[in-house]
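Colleague: I have the file open now. Can we go through it piece by piece?

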Amino acid sequence: MSKFRMLLLLLFVSLAIQSMAQNVRVKILATGGTIAGAGASSTRAAYKAGELPIDQLLSAVPDIHKVAKVTGEQIASIGSQDMSIDIWLKIAKRINEIFKNNEADAIVITHGTDTQEETSYFLRLTVKSDKPVVLTGSMRPATAISADGPKNLYDAVVVAASPKSAGRGVLVSMNEMVFSGRDVTKSNSTSTSTFQSADFGPIGLVYDGMVEYYRKTERLTGTSAPWDIDKITKLPRVDIAYMYADAPATAVNAFVKAKVDGIIFAGVGNGNMNKANLDALAAAAKSGIIVCRDSRTYSGRVTLHDEVDDDKYGFIVSDDLNAQKSRILLMLALTVTKDRSKLQEFFFTY
Ligand code: ASP
């Protein structure tokens, strides 16, 4: 084939791929957050999260309509510090409905960054589809100098519209990186590069309107989970207590008194605790509350039978999930079983 014909063929193939992507229907579910935040001036950091509606966010990125057929739907208008189980249920059910009714090919969720790692894991465990679901947000409000929202929104649509994003579970796209919704965490209170996965890094990178992936996450997603979120209206109560030097068992005892179904204990190191908390947690486990040892450290796993004899006290461990993600898995798992060894298995599977 001549060089000219080769170039023509390449041009044709790239135009065909582009027009295929443009036909992808991406629905944006807006929930608020700093990406929809407005401040009094461009230089002041003070702002209110969740103020701007989705149509206004989209108008800041007109090129987004060249990437896909984009439509918006407002689900909530909150700072994600106010995210709730009720809203999680609403989003998960709506996503399952959208895919079931073939209303869209992919979904982007605009969301505050504070609890985005929790929503991403909750949706990863409850969405019953392999189609792309991508969360994004921003660290700077829409009115700030160098607001990061428009670029993050554009990139999230690029990620959602790419066929390469299917079958990877729910994703988080921020700051030109794509993370698995399972292990991403907010690592910095103010930086635009806040989202990280301490143990595993990003799974993909976005640049120039294209996404490239480098690895897959092994753990299972909601497509194979035994719970059916469409039938759930309420989740069991699971709370988190935290260890520090000389910590009294006040928090654990308060949760027991509140009749919680589970306690995630963010211990020190490999899920360790002092005697006061060990005694309180052992009593809680004996009374039927599921106690899961986690770690306050930023990375690594909590392993069974290390310094704590889990069989003796009736505890389970979180593996590599941080406390806020462990809480989500335990709440969902408790809807299908109260058996300790089965619950432990979920932590090694999801
Ligand atoms: N508090 C905000 C929120 O989570 C922060 C952000 O979006 O970056 O909604």
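Modeller: One definition before we start: helices (H or I, at least four residues) and strands (E, at least two) are DSSP runs, numbered from the N terminus. Keep in mind that this is a predicted model.

Colleague: Fine. Which residues does UniProt list for "binding site"?

Modeller: The UniProt record, an unreviewed entry, gives Ser80, Thr113 and Asp114 under that heading. They are spread over 35 residues of sequence, yet they cluster in space, with a largest C-alpha distance of 6.8 Å.

Colleague: Where is Asp114?

Modeller: Asp114 sits in the loop between E5 and H5. Thr113 is placed in that loop too, between strand E5 (106-110) and helix H5 (116-126).

Colleague: And is Thr113 buried or exposed?

Modeller: Buried, because its relative accessible area is 4% and the cut-off for buried is under 20%.

Colleague: What about Asp114, how does that count?

Modeller: Asp114 has 40% relative accessibility, so it counts as partly exposed; that class lies between 20% and 50%.

Colleague: What does Thr113 touch?

Modeller: Leaving out residues up to four places away in sequence, Thr113 touches Ser80, Ser138, Met139, Met174, Lys186 and Phe195. With the same exclusion, Asp114 touches Ser80, Gln81 and Lys186. Ser80 and Lys186 are among the contacts of Thr113 and also among those of Asp114.

Colleague: Switching to helices. At what angle do H4 and H5 cross?

Modeller: Roughly 45 degrees, with the axes of helix H4 (residues 85-100) and H5 coming within 10 Å.

Colleague: Left-handed or right-handed?

Modeller: The crossing of H4 and H5 is right-handed.

Colleague: Which residues make the contact?

Modeller: From H4, they are Trp88, Leu89, Ile91, Ala92, Ile95 and Asn96. H5 contributes Glu118, Thr119, Phe122, Leu123 and Thr126.

Colleague: How many bridges join E14 to E15?

Modeller: Six, between strand E14 (residues 262-267) and strand E15 (residues 290-295), and the two run parallel.

Colleague: What stands opposite Phe265?

Modeller: Arg293 in E15.

Key. Residues numbered from 1 in each chain as written. Predicted model: local features only at pLDDT ≥ 70, side-chain atom pairs only at ≥ 80, totals over all residues. Heavy atoms only, no water. Pairing = 2+ DSSP bridges. UniProt positions renumbered as here; feature names shortened; annotations may be inferred. Buried < 20%, exposed > 50% of the residue type's maximum accessible area, 1.4 Å probe, protein only. Contact = heavy atoms within 4.5 Å. Axes fitted to C-alpha atoms, helices over the stretch in contact; angles between N-to-C directions. Left-handed = near helix turned anticlockwise from the far one by under 90°.
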